[in-house]
Amino acid sequence: WAFATAKVSQTRLFDKVAYEVIEYRDLRSFNPQNLSNLVWAYATAQLSDHCLFGNVADELSSRRFGSFRPQNLSSIVWAYAKAQFSDHCLFGEIADEVSSRHLESFSPQTLS
């Protein structure tokens, strides 16, 4: 997240992080903010690791989105769109979650 925020694209570092997450980490241990930050960082750095995004999408689809803040949901769909990683099932599940909520809790930024 920090490297992407600072606009420092270290491809080797991002490759190593993706490998670590895919091979050795249990994505069930990542909270909504962790998952959101992870895909946001890759998309912001203009890096799209297909395997990483796929694994995160699978993990997200296995969860209930009730514990996700509006900013988490917004960042996730933005990251997938920016990375050009299309997952219609994931987008549908997030759309259903957003539609089920009172949209007053969404800031203009998260609505857009």
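Let's start with Q84. Is Q84 buried or exposed? Its relative accessible area is 72%, so Q84 counts as exposed. One caution before I go on: this is a predicted model. Where does Q84 sit? It is in the loop between helix 5 and helix 6. Now look at its backbone. Q84 is not a glycine, yet its phi is positive, about 55°. As background, most residues other than glycine have a negative phi.

There is another residue of this kind, Q46. Phi of Q46 is near 60°, again a positive value in a residue other than glycine. Q46 belongs to the loop between helix 3 and helix 4. Its relative accessible area is 65%, so Q46 is exposed.

Helix 4 covers residues 50-61. Look at its start. A side-chain oxygen of D49 comes to within 3.2 Å of the backbone nitrogen of C51.

Now a quick check on the length of helix 4.

Which residues of helix 4 are buried? They are L52, F53, G54, V56, A57, E59 and L60. Keep one general point in mind here. An α-helix has 3.6 residues a turn, so residues three or four places apart point the same way. What do the buried residues of helix 4 pack against? Four helices: helix 2 (11-24), helix 3 (32-44), helix 5 (70-82) and helix 6 (88-100).

D58 is in helix 4. Its relative accessibility is 54%, and the cut-off for exposed is over 50%, so D58 counts as exposed. D58 and D87 are 29 residues apart along the chain. Their C-alpha atoms are separated by 9.7 Å.

Next, helix 4 against helix 5. Two packed helices are described by the angle between their axes and the distance between the axes. Here the angle is about 145°, and the axes are 12 Å apart. The crossing of helix 4 and helix 5 is left-handed. Which residues make the contact? From helix 4, they are F53, V56, A57 and L60. From helix 5, they are I76, A79 and Y80.

That brings us to the rings. How many aromatic pairs are there? The count comes to 6. I will show you two. A pair of aromatic rings is described by the distance of the centres and the angle of the planes.

Take F14 and Y42. Their rings are edge-to-face, 4.9 Å centre to centre, with 85° between the planes. F14 is in helix 2 and Y42 is in helix 3, 28 residues apart, so this pair links distant parts of the chain. F14 is buried, with a relative accessible area of 6%.

Now F53 and Y80. This pair is edge-to-face as well, 4.9 Å centre to centre, with 75° between the planes. F53 lies in helix 4 and Y80 in helix 5, 27 residues apart. Are these two residues buried or exposed? F53 has 0% relative accessibility, so F53 counts as buried. Y80 has 0% relative accessibility and counts as buried too. Ring pairs also bring in F85: F53, Y80 and F85 are linked into a cluster.

Back to Y42 for a closer look. Y42 has 3% relative accessibility, so Y42 counts as buried. Which residues does Y42 touch? Leaving out residues up to four places away in sequence, Y42 touches F14, V17, A18, L47, L52 and F53. Notice F14 again. The side chain of Y42 reaches the backbone oxygen of F14 at 2.4 Å. Y42 and T11 are 31 residues apart along the chain, and their C-alpha atoms are separated by 9.8 Å.

Last residue: S36. S36 is in helix 3. Its relative accessible area is 2%, and the cut-off for buried is under 20%, so S36 is buried. What does S36 touch? Again leaving out residues up to four places away in sequence, S36 touches Q71, N72, S75 and I76.

Methods. Residues are numbered from 1 along each chain as its sequence is written. This is a predicted model: local features need pLDDT of at least 70, side-chain atom pairs count only at pLDDT 80 or more; totals for chains, interfaces and linings use all residues. Side-chain values use heavy atoms; hydrogens and water are left out. Helices (H or I, at least four residues) and strands (E, at least two) are DSSP runs, numbered from the N terminus. The expected span of a helix is 1.5 Å times one less than its number of residues. Buried means under 20% relative accessible area, exposed over 50%, partly exposed in between (1.4 Å probe, protein chains only). Contact means heavy atoms within 4.5 Å. A polar contact is a pair of N or O atoms within 3.5 Å; within protein, one must be able to donate a hydrogen and the other to accept it, and residues adjacent in sequence count only if both atoms are side-chain atoms. Rings of Phe, Tyr and Trp (its six-membered ring) pair if their centres lie within 6.5 Å; planes under 30 degrees apart count as stacked, over 60 as edge-to-face and the rest as tilted. Axes are lines fitted to C-alpha atoms, for helices over the stretch in contact, and angles run from 0 to 180 degrees between N-to-C directions. A crossing is left-handed if the near helix is turned anticlockwise from the far one by less than a right angle, and right-handed if clockwise.
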